[in-house]
Amino acid sequence: MGKVVKKKSKHKKPGAASSPSPAGGGTVISPDAAPADVGTPSSVAPPEELTTVDLWFDPQCPWAWLTSRWMLEVEKVRPVKTQFHVMSLSILNQDSEVRGWAPVRVALAVEEQYGQEQLAAFYTAIGTRVHPRQEDLNRATLEGALSDVGLSPQLADVGDTGDNDDALRRSHHAGMDPVGMEVGTPVIHVNGVAFFGPVITPRPTGETAGRLYDAVVEMASYPGFFELKRTRTADPIFD
């Protein structure tokens, strides 16, 4: 008769207890087991505060269009939000033959009746038609742009009357007076500073757009900075 060997009992250490392995192997941790140390969750940085950049435009100006498209690129790489406002080359050049009342009247009506976001959408629609597509800036183009953003083409009727031109002048002067009347469009206000430009072609994209924004804002923030200019050798390039 062989020896009977008694198995030594195994004493479990305090702490996590394990249950029998299921049919596929592995260890099941019992519900009353002490939680594993997963470390301290990393703190989440609060979102950066957006800087508002106010940009005044006339839909017929190709340079304002390029600057506005640049600012939309900047929004992708910097914590900024562009707010669009209407100025008028017809008011600015009232002593010359430059005229184009209907587009700015319609744009202002869109802002007043439907708000800032719809104005931005309308500007994109009318600007795309007039600049990259080279459509004539006439009644049909205005109606098409209004339809593009889900607005009634009949809103183009306001372009034929000057009943709201006092409000148009107020919008114009809100943008132009702080920078001076000897400049045109685009005009930008940011961090309490107003300036004309930048005049660019083609629009920069990605981080290049962000770096240009950083440089422009830095220069404009210096109270004694007034002008940096060179002869323009290229026509507007739309992409």
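Me: Which residues does Val 193 touch, not counting residues up to four places away in sequence?

Reply: Val 193 touches Ile 188, Ala 220 and Ser 221. This is a predicted model. Contact means heavy atoms within 4.5 Å.

Me: Where does Val 193 lie, and why is Val 193 called partly exposed?

Reply: Val 193 lies in strand S6, residues 193–196. Its relative accessibility is 23%. Buried means under 20%, and exposed means over 50%. The value 23% falls in between, so Val 193 counts as partly exposed.

Me: How far apart are Val 193 and Pro 223, in sequence and in space?

Reply: They are 30 residues apart in sequence. In space, C-alpha to C-alpha, Val 193 and Pro 223 are 8.9 Å apart.

Me: What makes Thr 67 count as buried?

Reply: Thr 67 has 0% relative accessibility. Buried means under 20%. The value 0% is under that cut-off, so Thr 67 counts as buried.

Me: Where is Thr 67, and which residues does Thr 67 touch?

Reply: Thr 67 is in helix H1, residues 62–77. Leaving out residues up to four places away in sequence, Thr 67 touches Leu 55, Pro 186, Ile 188, Gly 197, Pro 198 and Ile 200.

Me: Which residues make the nonpolar surface patch?

Reply: Met 219, Tyr 222, Phe 225 and Leu 228 make the patch, which covers about 420 Å². Met 219 lies in helix H7, residues 206–221.

Me: Why is Met 219 called partly exposed?

Reply: Met 219 has a relative accessible area of 32%. That lies between the cut-offs of 20% and 50%, so Met 219 is partly exposed.

Definitions and conventions: Residues numbered from 1 in each chain as written. Predicted model: local features only at pLDDT ≥ 70, side-chain atom pairs only at ≥ 80, totals over all residues. Heavy atoms only, no water. Patch = residues over 30% accessible without salt bridge, like charges linked within 9 Å, V, L, I, M, F, W, Y side chains within 5 Å. Areas by Shrake-Rupley, 256 points an atom, 1.4 Å probe, with all protein chains shown as cover. Salt bridge = Lys/Arg side-chain N within 4 Å of Asp/Glu carboxyl O. Helix = DSSP H or I, 4+ residues; strand = E, 2+ residues; numbered from the N terminus. Buried < 20%, exposed > 50% of the residue type's maximum accessible area, 1.4 Å probe, protein only.
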